[in-house]
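Subject: Structure handover

Hello,

My notes on what turned up follow below it.

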Amino acid sequence: MHTISVPEDVIAQIKAQRGRLNRYDRLHGPKTALVAIDMQNAFMLPGMPVEVPAAREIVPNVNKLAAATRTAGGTVVRVKMCLEGQSEAWRVFFDGDPRRATLSELTPGSRGFELHADLDVLPRDVILIKKRFSAFIQGSSDIDRHLRETGIDTVIITGTLTNICCESSAPDAMMLNYRLVFVADANAALSDAEHNATLTSMLRVFGDVLTTNETIALLSAKSREQAA
């Protein structure tokens, strides 16, 4: 698991600017979606071309968040990266990347394309395909349309890699006017330095950075209030 560290001077600056560290006191469950990005074998199994060892360590937290989101009346969205037919569409990336095995492993029908077996995926979870690092950028996936049609206004971002697909998706979601929570111990990168750089950017500009337990507490608090 990553050692989480956001610079104290950044935290002080945010508090001075905002008057508080985090924006949100509660998360309205039925309007919240847990978005789990790229929790696929290609990123998680030993020896895969884009293996992120820390991604295996966050699975229990992603599962806890999924259960809590469902209990609060929210939606669990599993976003899968698909590179089939994309080598020309974003050729400037692929021309400079020698890991051609990534293309085949992130193609439907491959072992790498499938979700990791330890994820608690239920039939009611929504599974979407994206074709870009960001799930929310135009032309990448149907996530924005799906969330709006189901009344979602808040997204909880989890998955891998923290500093690539998760970092790309989160700001785009915020710029589409979604409330954003980026979960510090349910995202995974290749190093603590990369992970924490993203957390710092997320907290400073785009949304709240919370732990798994802090996120669940906000969902649970709202759920108890509705039940009262």
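Which residues point one way from β1, and which the other way? Thr32, Leu34 and Ala36 point one way, while Ala33, Val35 and Ile37 point the other. All are buried, meaning under 20% relative accessible area, with exposed over 50% and partly exposed in between (1.4 Å probe, protein chains only). In a regular strand the side chains alternate between the two faces of the sheet. Six of the six residues of β1 are buried, so the strand is largely enclosed by the rest of the structure.

Some ground rules. This is a predicted model, in which local features need pLDDT of at least 70 and side-chain atom pairs count only at pLDDT 80 or more, while totals for chains, interfaces and linings use all residues. Residues are numbered from 1 along each chain as its sequence is written, and side-chain values use heavy atoms, leaving out hydrogens and water.

The sheet

It is open and has six strands, in the order β3-β2-β1-β4-β5-β6, with parallel pairing. Strands (E, at least two residues) and helices (H or I, at least four) are DSSP runs, numbered from the N terminus. Two strands pair if DSSP finds at least two bridges between them. β3 (126–130) and β6 (208–210) stand at the edges with a single partner strand each, so one side of each has no neighbour in the sheet. On average, neighbouring strands are turned by 25 degrees against each other, direction ignored.

Now β1 (residues 32–37) and its partners. Five bridges pair β1 with β2 (residues 75–81) in the parallel sense. Ala33 stands opposite Thr75, and Val35 opposite Val77. Six bridges join β1 to β4 (residues 154–160), also parallel. There, Leu34 has Ile156 as its bridge partner.

The cysteines

Cys82 counts as buried, at 6% relative accessibility.

Cys166 is in no disulfide either. Its nearest cysteine sulfur is that of Cys165, 6.9 Å away. Cys166 is buried too, with a relative accessible area of 0%.

Best wishes

Note on methods: Axes are lines fitted to C-alpha atoms, for helices over the stretch in contact, and angles run from 0 to 180 degrees between N-to-C directions. A disulfide is a pair of cysteine sulfur atoms within 2.5 Å.
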